[in-house]
Structure formats: C-alpha cells, structure tokens
Amino acid sequence: MAEDNELQTVKEAQAGDDPPKDFTVQKKSPKLCGSNYPLSIAFIVVNEFCERFSYYGMRAVLTLYFISFFHWDENLSTAVYHAFSALCYFTPVIGAIMADSWLGKYKTIIYLSIVYVVGHLIKSVGAIPSLGNQAVHVVLSMVGLFLIALGTGGIKPCVSAFGGDQFEEEHTSERSKFFSVFYLSINAGSLISTFVTPVLRGDVKCFGEDCYALAFGVPAALMVLALVVFIAGSGLYRKTPPQGNVLLEVCKCIGFAIKNRLKNRSRQIPRRDHWLDWASEQYSKQLIGEVKMVTRVLFLFLPLPMFWALFDQQGSRWTLQATKMNADFGIYVLQPDQMQFLNPLLILVFIPIFDLGLYPLINMCKFNFTPIRKMATGMILAGMAFGLAAIVEVKINETDMPQLVPKESLIQVLNLAKNPVQVTIQDQNLFQQPVEAFQNPDEYSHLILNGEQQSLHFILQHQGSSLAFNYTVKEKSVYSLIVFEAEGSLSSHLITDLETKPENGLAAVRFINGLSQDVNLTIDSKQFISVQRNYGVSGYSLVERDTYDNGKCITETGEFTLDLGLLDFGASYTVVITNVSGGAVQTWKSEDIKANNVHMAWQLPQYLLISAGEVMFSITGLAFSYSQSPASMKSVLQAGWLLTVAVGNTLVLVVAQAAPMAQWAEFVLFTVLLFAVCIIFSIMGYFYVSVDPEDLEEKEEKRETTNRGNMISLVTQKTKL
C-alpha cells in the first residue's frame, strides 16, 4: 500500500491550509459532545474510510482480474496495473488546480466523487461474464479504471485540506489530532479492504467462476456510501472560496525564467547569481526566493521514483508470485492477493516502534541518523526485499515444467497393465529400466525431434511379447504414453498433457476410465464429467485446492463414491478408475505436475523489509522535504512527491513491456537499479545543506530592508545637493 502517500496530503493540509483571515464564516459548526472538534469532521473521516476501502479493495484484485478474466499474460497485466496506478498519482495535480483556481475544495470533492462512483459502477458491470464478449468487458473496464483514476486522484489533495478548513484558527491542537485520526482511517480502510475483497473474489462463486463482479461491486457500494455521507454533512461545513493555485504560479515563474534566460544569451548582458533570478522582471523576489528553496528539494526527488517502482509491485509481481505458492496456513487458506494486507498492518506496527524505540536507541549510540541516511536505508531495505523475492522465485521455479525449445518435447509413461513393460522409442535413449505397473513417474523425459514434428516408432515389450506403434509427436509439447491391457492384449494411447502449471493456484485433474462401461463423474456440485469405457480419457478440469472425498461415479450398474483425496495448489493429476467394489470406486492417482511446495509464509520477510523501508523512506522523506520549504510551497512539494510515485509506476510499465525476462531476473534487475540509485541519492544528500526556510525568509527581509535604507539615504543626499 502507499498510505504514506496519503500522509503527505495530510501533512500539507496541516501545514498550509488555515482558513484565510479575511474569510468570514457564515455560522459556526456544531461541536462534537461539547469539545472543540467540529461535528463536520465526523462526516469527513467516515468519507475517507469508505473511499480508501473502495480504492484499495478494488486495486487488490485487479492484477488477478486481468489474468483470470481477460486471460492476459503476466507482463501485460502488470503493465496495465501500473499504468492505472501511475494515472492515479498524475491526476491529483488536476484536482488541486480545480479546487484552488476554479471550484473550491467542496465542489471539487462532490463532482469528482460522482465521477469516481460512475467509474466503479462501470468497472463492476464490466466484470459480469454474461454481459457481451471480451472486447465489451475490456472497454468497460478500461473506461471504469480511467474514471476511478480521475476521481481518486482528483479528490486526494482536497479531502484532508478540507478537513483542516473546518477548525477555527485557535484550535490548532485539535486540528493536529484530527489529522492523526484521518490518517488512521486511511490505514483502516486499506487494511480491511485488502483482506476482505480477495475473499469476496475467491471464496464466493458467481456465474460459475470467481466473483469479480462482487469483488468490484462492494468497493463501488462503499464509494457510493462515501459520497452520500459527505453530502449529508453539507450544511455543517466551512467552505472557503478558491484562493488561487500556487503550483501554477510556480510553473509560470520557472517557465518565464527559462524563457527570459534564453532570450538574453548575449555575453554583454551581466550574469545573475541564480537562473531563477531571470524571472525578477515579472515576479517578486519573495516568490523567486521561495521557488529557489523548493527547487533544491525537488532536485533531491529525482532519484526517488525507483523506490516506488519496487514498492508498488506488491499488487502485481508479488501477488503473481503468491499464486505459485502454497497458501495453506493450517487454520486458514489465504488468497494470493490477500498477502497485500500485511503492508498496512506492518506500517501501523512499525511507526510507533521506530519513533519510540529504534530512532531513540540510535540517537543514544551517538550516531547522526539524518533524514537523508534514513531514506537511503529505506531504499536499501526495499532492494533487499526484492533480493529475497528473487530467491523465493528461484525456489518456486523448481516445481515448474521445463521450458521447451524448438525440436524438443516431453514424455512420460503410465503403465496401467498388470506387469512391467519395457518401452523403447526410435532414436531416443530413454526408459532404460522397465516401467512397473502403476508406477508414478518422477519426472518427464526429453524427446529430441528432427523437425517441428516427427513420427516416432514405439516398441513395447511385455511378458515376452513385443508390440510396435507409431505416433506423431510435435515440438514444444508434453505427452503421456498410456499402456494398458484390452481384451487380453497390450495396447496404448499417446495423450497430450498440460505444458504449464495451472494458473492462480488451481489444481488440474483428468480421468482415465479403465472400466468396461461409460462413467459420469461428479467432483463437486459444479463439475460433471463423462468418460468413455475402455480407457477413454477426459479433458482437464480446473478445481480449487481442496480434499475431494465425496465425489460421485455413476455407471450402468449404480452410483458409487469417488474419493480423490487432496488436489493441491498448482498440481496436475491423472486419475485412473480401475475397479468398482464395496460401493466405492477404486482409483490410482498420478501427480503429473508437482504441487506448489514453497509456502506463502516465505513472502513474509520481503514484506517486513519493504514495509520497514517505507517507514524510513516515505515518512522521513515527507517530514524532511516539508521542513526545507516555506509554508506557502507545501502544495508544490505535495505535487512533486505524488509525481515521483507516478513516474515509478511508469518505470515498471516500461520494463514489463520493453524488456520481458525471467521473473527472478527482473527482481534482480530492480534490486541492482535501486542500489545504484541509492548511491546516487546518497551522494546528492552528502552535498545537500539543510536550511531553515524561516531563517532564509528573515535574512531576505533584512537584506531588502537594508537595500531600502540605502536607497533612502541616496535620495536624501541628492535632495541636499
């Protein structure tokens, strides 16, 4: 989660959003229980909780939605996810300009919340499988996501500032406590939603599959509630009129300075101390001085997007990694997208531990742990988290199917006869030992072909007799050779197997009917499979990981119990029906693709590291940057900070699409890039000299006063002469 990006909007509101002194409030807002807290803030806090639940709940299931519902590959799903996240952090600039220059905060929140709600509703409708084809679903989803990004980003800089406007100037301590409660509501909404919405997606079934319509519909309902609650408090709010947007003024000042400098490139024109001094013909020295302070901090922001490039992959690459792991925690089976709830939980735990324990302890050791060093440490922790993610990914890949190359295929032998069978394949040095009856193969064997496909000659030796068969094998394919006895003689089938693991932690199962009669199978209440007699083979069925001990097998002679046992995460099974006796079906189960054997708990260390890194990097960075700029420039820093998040997400988008590679290698790449950026940032921080904006402003005022005094003296002397 990026709740600390919300914290900077809170800090900005706390620092620079006092109601103007010349603004007359028409009436005082009623107070909460006789305190100095306006009743209106209750509506604002509830609104923020619902809105954050809405946003983070929807985003938690977004990557798996692209994978499972649209059947996009992992790279495209990751790219679209981060394109959406980037847009959510570009649009706050639009919201701030609308609020400060045109509509005011209240109307901006109302109008963009309506856009937000419409986006959620369109997104939820687009997740209904029976509504149109995939093109319709994609268009509806993309339109919905665009409106959601415009809504959530647009109101982001307005809500916390609007809450600060509700307090009277003398109630500064109450306002400070309000921002703490406001930030708590952000984290509470994020924590609850990232745990609940994956449950709605995975544990609730609708339209015969994961219920994405419900997983998106509940956040939509919460956003509707957020809008209703906010409007309900309309009569209680203090509403300040638009005061002008300082961000636009800063951009104009910088633009004029650059333009003026380019116009005056002649060597005859005297040089100026700073490139921003070229704006002095049109802008005041105070504004130019404040812009100088801000640009010093914004320059330090340049390396920061790389941290966010790693951090925001919790909802994409790390979630996809979790789908390939064992999620059984004994008392509870986690959904892969539920692991994201660890971040807001750990943030709430780490903030008091760091502030009350770690930082004071470091100070006692006489180590100067400056803000720059804290931020660099946060980068290192995030890089270490991705290093651990790479190690976990390598271990996960051990149970994957081998990556096939041209002129190569895989084959295994399933001997369903009563005695061992020796299998020989033309021009292949495989199966040196006889295959025992009902022997579970350890792994597939590699077939080397002489072209895209080849007809291979198979020889089966069984109890002194020899039988020959020809089968055509295609490259980059996976096969099982089924050997069985039919009507007293040996026979075989060559069937096609899965080439990759089942997606999203599902299990795949198929059946071979060794009976002399057709069977109809029921795995659970939703899976009905018909298999023909005499070693007919069914297609694969994808099922949730579970123990299936209450299935049904219906034959011509009756109905029997079917016990499949545990069908585990990511495994593929072949189940052979061998006999019927005692009211139950006798089966033999072969695990063709190994189950996910790396437990999801191994992601916990990387979540611990990146959450600790966020506390050191984000919270420290915000406090430091705010301490280095004048109060009137807080909103400019807010925009700059949010843009670093947007650029970071854009970097992930570029890497996912432009340089696809093995996942472990991509994790290593991001680790190396962040460590390199950390070194650059540390060097920049070493040469950065911290300043107190108030001291600089006082010095500037004294200098101006001195200059004015000198000018007065000059004028007096001239008058005397």
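This is a predicted model: local features need pLDDT of at least 70, side-chain atom pairs count only at pLDDT 80 or more; totals for chains, interfaces and linings use all residues.
A contact here means heavy atoms within 4.5 Å.

Residues are numbered from 1 along each chain as its sequence is written, and side-chain values use heavy atoms, with hydrogens and water left out.

Let me start with glycine 57. It sits in helix H2, residues 40-60. Helices (H or I, at least four residues) and strands (E, at least two) are DSSP runs, numbered from the N terminus. Glycine 57 is buried, at 0% relative accessibility. Buried means under 20% relative accessible area, exposed means over 50%, and partly exposed is in between, with a 1.4 Å probe and protein chains only. What does glycine 57 touch, leaving out residues up to four places away in sequence? The answer is Arg52, Ser193, Thr197 and Pro219. Glycine 57 and leucine 191 are 134 residues apart in sequence, yet their C-alpha atoms are 9.0 Å apart.

Now the whole protein. It has 19 helices and 20 strands. The C-alpha trace spans about 135 × 60 × 50 Å along its principal axes. There are 721 residues, and 52% of them count as buried. Take the contacts between residues at least 6 apart in sequence: 73% of these join residues at least 24 apart. The protein exposes about 31,900 Å², and carbon and sulfur atoms supply 60% of that. Those areas come from the Shrake-Rupley method with a 1.4 Å probe; for residues, only the protein chains shown count as cover.

A word on charge. The protein has 53 positive and 65 negative charges, and their mean positions are 14 Å apart. Lys and Arg count as positive, Asp and Glu as negative; His and the chain ends are not counted. Each charge is placed at NZ of Lys, CZ of Arg, CG of Asp or CD of Glu.

Next, the cysteines. How many disulfides does the structure hold? One. By definition that is a pair of cysteine sulfur atoms within 2.5 Å. The bond joins cysteine 206 to cysteine 211, with 2.0 Å from S to S. The torsion about this S-S bond is about 105°, so the disulfide is right-handed. Both partners are shielded: cysteine 206 is buried at 17% relative accessible area, and cysteine 211 is buried at 5%.

Cysteine 253 is buried, at 0% relative accessibility.

Cysteine 253 takes us to helix H10, where Val246, Leu247, Val250, Cys253, Ala257 and Asn260 are buried. H10 runs over residues 246-263, and its 18 residues should span 26 Å at 1.5 Å a residue; the end C-alpha atoms are 26 Å apart, which agrees. The expected span is 1.5 Å times one less than the number of residues. Cover for the buried residues of H10 includes helix H5 (92-103), H11 and H17.

On to helix H18, residues 663-687. It has 25 residues and reaches 37 Å from first C-alpha to last, close to the 36 Å expected. Its buried residues include Phe667, Phe670, Leu674, Cys678 and Phe681. Cysteine 678 has a relative accessible area of 6%. An α-helix has 3.6 residues a turn, so residues three or four places apart point the same way. The buried residues of H18 pack against H11 (285-300), H12 (305-311), H13 (317-322), H15 (371-397) and H17 (634-658).

Now the strands. Alanine 507 lies in strand E10, residues 507-513. It is buried, with a relative accessible area of 0%. Beyond residues up to four places away in sequence, alanine 507 touches several residues, among them Ser541, Val543, Asp568 and Tyr573. Its C-alpha is 9.7 Å from that of leucine 566, which is 59 residues away along the chain.

Phenylalanine 438 is not a glycine, yet has a positive phi of about 55°. It is in the loop between strand E4 (422-425) and strand E5 (445-448). At 31% relative accessibility, phenylalanine 438 is partly exposed. Tyrosine 535 also has a positive phi, about 70°, without being a glycine. Its loop runs between strand E12 (528-531) and strand E13 (536-537). Is tyrosine 535 buried or exposed? Buried, at 13%.
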